[in-house]
Amino acid sequence: MPGGGILPESMAPGGVILPEYYIQLVTMHGTFMVFFAIMPLLVGVYANFLIPLKIGTHDMAFPRINMWSFWRSFAAGLVMLSSLFVRTARHGPGGRCTRRSRRGTTTRARRSGRSSWSVSIILVGLSSILGSLNYITTIINNRAPGMTWFRLPLSVWSLFITAILGLLALPVLSGAAIMLLFDQIIGTHFFDPAAGGQALLWQHLFWFFRASGGLHPDSAGHRGWSRTSVANGSRKPIFGYHSMVFAIIAIAFLAGSCGATTCS
């Protein structure tokens, strides 16, 4: 790795990355890409900027909850970074972005790094749930007089549906992270087959989040944004507005059905 010589010997002796540390880097890349890049930027930033601007209100419905959501996300990022440096880097989280739990119960130091990962996911899940509640409440209650549902811009419709998908998917992921944390700290056996648990339970719960649109929250969102951008750039009204609205709603329904089918 170019510049790898600056890393500690426990991570990359002589600039050569250890296999264990490489797995941790892939895990952290996947985690930060999804939970600290896609979700906060494509949903949090756009929702907080566009929703009040496009529905004619001065602020979100719950400004304080909005700030709690932001600071919880910031704290979650710090906890996530700390998981790479618990005791040694070789005891950090591993298992790629899906964080398969079958590797989560070894040494005490390794459990410490993975416990930090679980705590971070719980915090960021709570942050996104609070944000989704705020977006939904703002769109329902704070629209300007005369702005009916079918006068909303498609970008607002897409953010509204994305927030609903988040409310469906994120509690499941947070519950799975809490169960994983209990396995690592207080000795429960939700995911330990040797003690009567189910190793595939984590996979089912995580992929419910994935299939419900939680892993890529722009699944419904980018359709509304792209069509609004094209209409504004061409200075023409959106063709098939009502059809597009019902299509975005159908995407949410199919995503929730897919998640439920995957979990079952």
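Ser174 is found in helix α4, which covers residues 154-185, helices here being DSSP runs of H or I with at least four residues, numbered from the N terminus. The model is a predicted one, in which local features need pLDDT of at least 70, side-chain atom pairs count only at pLDDT 80 or more, and totals for chains, interfaces and linings use all residues. Residues are numbered from 1 along each chain as its sequence is written, and side-chain values use heavy atoms, with hydrogens and water left out.

With a relative accessible area of 10%, Ser174 is buried (buried means under 20% relative accessible area, exposed over 50%, and partly exposed in between, with a 1.4 Å probe and protein chains only). Leaving aside neighbours within four places in sequence, Ser174 is in contact with Ile122, Gly125, Leu126 and Ile129, where contact means heavy atoms within 4.5 Å.

## Helix α4

The 32 residues of α4 reach 45 Å from the first C-alpha to the last, close to the 46 Å expected at 1.5 Å a residue; the expected span is 1.5 Å times one less than the number of residues.

Just after α4, Gly187 takes a positive phi of about 85°.

Helix α1 has 37 residues and reaches 51 Å from its first C-alpha to its last, close to the 54 Å expected at 1.5 Å a residue. The helix bends by about 45° at Pro40, and α1 is followed by Gly56, whose phi is positive, near 80°.

The axes of α1 (residues 19-55) and α4 come within 10 Å and cross at roughly 140°; axes are lines fitted to C-alpha atoms, for helices over the stretch in contact, and angles run from 0 to 180 degrees between N-to-C directions. The two helices α1 and α4 are therefore oblique to each other (angles under 35 degrees count as roughly parallel, over 145 as roughly antiparallel, 65 to 115 as roughly perpendicular and the rest as oblique). The contact involves residues including Phe35, Met39, Tyr46 and Ile55 of α1, and Ser155, Thr162, Leu170 and Leu173 of α4.

Asn66 has its place in helix α2, residues 63-82, and at 16% relative accessibility Asn66 counts as buried. Asn66 touches Asn48, Met60 and Asn134, not counting residues up to four places away in sequence. The C-alpha atoms of Asn66 and Asn134 are separated by 7.1 Å, although these residues are 68 residues apart along the chain.

Helices α1 and α2 pack at an angle of about 165°, with their axes 12 Å apart, which makes α1 roughly antiparallel to α2. Among the residues that make this contact are Met28, Phe32 and Asn48 of α1 and Asn66, Ser73 and Met80 of α2.

## Arg235 in a loop

Arg235 is found in the loop between α6 (218-234) and α7 (241-263). The phi of Arg235 is near 60°, a positive value in a residue other than glycine, and at 78% relative accessibility Arg235 counts as exposed.

Conventions: The bend at a residue is the angle between axes fitted to the seven residues ending there and the seven starting there.
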